[in-house]
Amino acid sequence: MSTIGVIFDLDGVIVDTAKYHYLAWKNLADNLGFEFTEAHNELLKGVSRVTSLEILLDIGKVQLTEEKKQEILISKNEEYLSYIKKMNADEILPGAEQLLDTLDALGIKYVLGSASKNAELILNQVGLYHRFHGIVDGNSVSKAKPDPEVFLIGAVKLNLPPKNCIVFEDAIAGVEAANVAHMTSVGIGDKNTLQEADFNFNSLTEIPEGFFSKFII
Ligand code: B16
Ligand code: MG
């Protein structure tokens, strides 16, 4: 078995669920009477559900009771789930399955490291759940990214020290979490936004052949 392992973020790396989060958050903002744009939605990427609501309410300068917030979080997730339940394998982002094939061929294990509490459902919907050697998601952690907890639990599942783990992330908070964990961070998306990453690629299709060989001891 390989001396290195990989941890994949979910939204923005394996699938694009940000568009469904956007629909549900926008609907919520409409009901509360303020505008929520796609640019605003960028601020919620990689951030936990509870923190996302805080950011959204801040944007709308709306103050709510804890009870109302809990109510809203439930209805937002119900709407989000209605979109997720229609997902299928066509929504796997370009290059993701090929990358998993490469890792399988090299004998490199991979786990999921996502902030989402719906990660298992999403992976099942797109038919990738069975391929991962472990799932660490929003249900497994007490501290959200940029805290490194999600990735450190991933390293335990891979049975590897953090320095032997490579993290694929699309969000600033996730790259920061990987760096704090002393893992190799690979930013997927805009290079300027993810400039703290050790490596940058626009998408998983750009990972060169032989990328992993330099890490194998
Ligand atoms: P849920 P990731 C994150 O997924 C999303 O990027 C973020 O926008 C969302 O708020 C968070 O999951 C929580 O999702 O409401 O499903 O628990 O990028 O960490 O895979
Ligand atoms: Mg993400």
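Visitor: How are the donor residues of the magnesium ion (ligand 2) spaced in sequence?
Guide: This is a predicted model. In it, the protein donors of the magnesium ion (ligand 2) are Asp9 (OD), Asp11 (O) and Asp170 (OD). Read along the sequence, their spacing is D-x1-D-x158-D.

Visitor: How many residues apart in sequence are the parts that Asp11 and Asp170 tie together?
Guide: Both residues are donors of the magnesium ion (ligand 2). Asp11 sits in the loop between β1 (5-8) and α1, and Asp170 in the loop between β4 (165-169) and α8 (172-180). The pair therefore ties together parts whose separation in sequence is 159 residues.

Visitor: Which residues come nearest to ligand 1?
Guide: There are 18 residues around ligand 1. The ones that come nearest are Val47, Ala115, Ser116, Lys117 and Asn118.

Visitor: What part of Ala115 lies 2.7 Å from an oxygen atom of ligand 1?
Guide: Ser114 places a polar side-chain atom 2.7 Å from an oxygen atom of ligand 1. Ala115 contributes at 2.7 Å as well. Here the atom is a backbone N or O.

Visitor: What covers the buried residues of α3?
Guide: The buried set is Ser52, Leu53, Leu56, Leu57 and Gly60. Their cover includes α1 (18-32) and α4 (66-84).

Visitor: What do the buried residues of α4 pack against?
Guide: α4 has 19 residues and reaches 27 Å from first C-alpha to last, close to the 27 Å expected. Its buried residues include Ile72, Leu73, Tyr80, Leu81 and Ile84. Lys69, Lys76 and Glu79 are also among them. The packing partners are α1, α3 and α6.

Visitor: What is phi of Lys61, and is the residue buried or exposed?
Guide: Lys61 follows α3 and lies in the loop between α3 and α4. Most residues other than glycine have a negative phi. Phi of Lys61 is positive, near 50 degrees. At 74% relative accessibility, Lys61 counts as exposed.

Visitor: Where does His182 lie, and what is its phi?
Guide: His182 counts as exposed, at 63% relative accessibility. Its place is the loop between α8 and β5 (184-188).

Visitor: Which side chain joins that of Arg131 in a polar contact of 2.8 Å?
Guide: Arg131 is in the loop between α6 (119-125) and β3 (135-136). A relative accessible area of 18% falls under the 20% limit, so Arg131 is buried. Leaving out residues up to four places away in sequence, Arg131 touches Glu97, Leu100, Asp101, Asp104 and Tyr110. The polar contact of 2.8 Å is with the side chain of Asp101.

Visitor: Which residues does a cis peptide bond join?
Guide: Most peptide bonds are trans. One bond here has omega of about 15 degrees and is cis. It joins Lys145 and Pro146.

Visitor: Which residues is Pro146 in contact with, leaving aside neighbours within four places in sequence?
Guide: Pro146 is in the loop between β3 and α7 (149-158). With a relative accessible area of 35%, Pro146 is partly exposed. Its contacts are Ala173, Glu176 and Ala177.

Visitor: How many Å apart in space are Pro146 and Val47, C-alpha to C-alpha?
Guide: Val47 is among the residues that come nearest to ligand 1. Pro146 and Val47 are 99 residues apart in sequence. In space, C-alpha to C-alpha, they are apart by 8.5 Å.

Technical notes
Residues numbered from 1 in each chain as written. Chains lettered and ligands numbered in written order. Predicted model: local features only at pLDDT ≥ 70, side-chain atom pairs only at ≥ 80, totals over all residues. Heavy atoms only, no water. Buried < 20%, exposed > 50% of the residue type's maximum accessible area, 1.4 Å probe, protein only. Helix = DSSP H or I, 4+ residues; strand = E, 2+ residues; numbered from the N terminus. Contact = heavy atoms within 4.5 Å. Donors = N, O, S within 2.8 Å, 3.2 Å for Na, K, Ca; no water. Near = heavy atom within 4 Å. Polar contact = N/O pair within 3.5 Å; in protein donor to acceptor, adjacent residues only side chain to side chain. Expected span 1.5 Å × (residues − 1).
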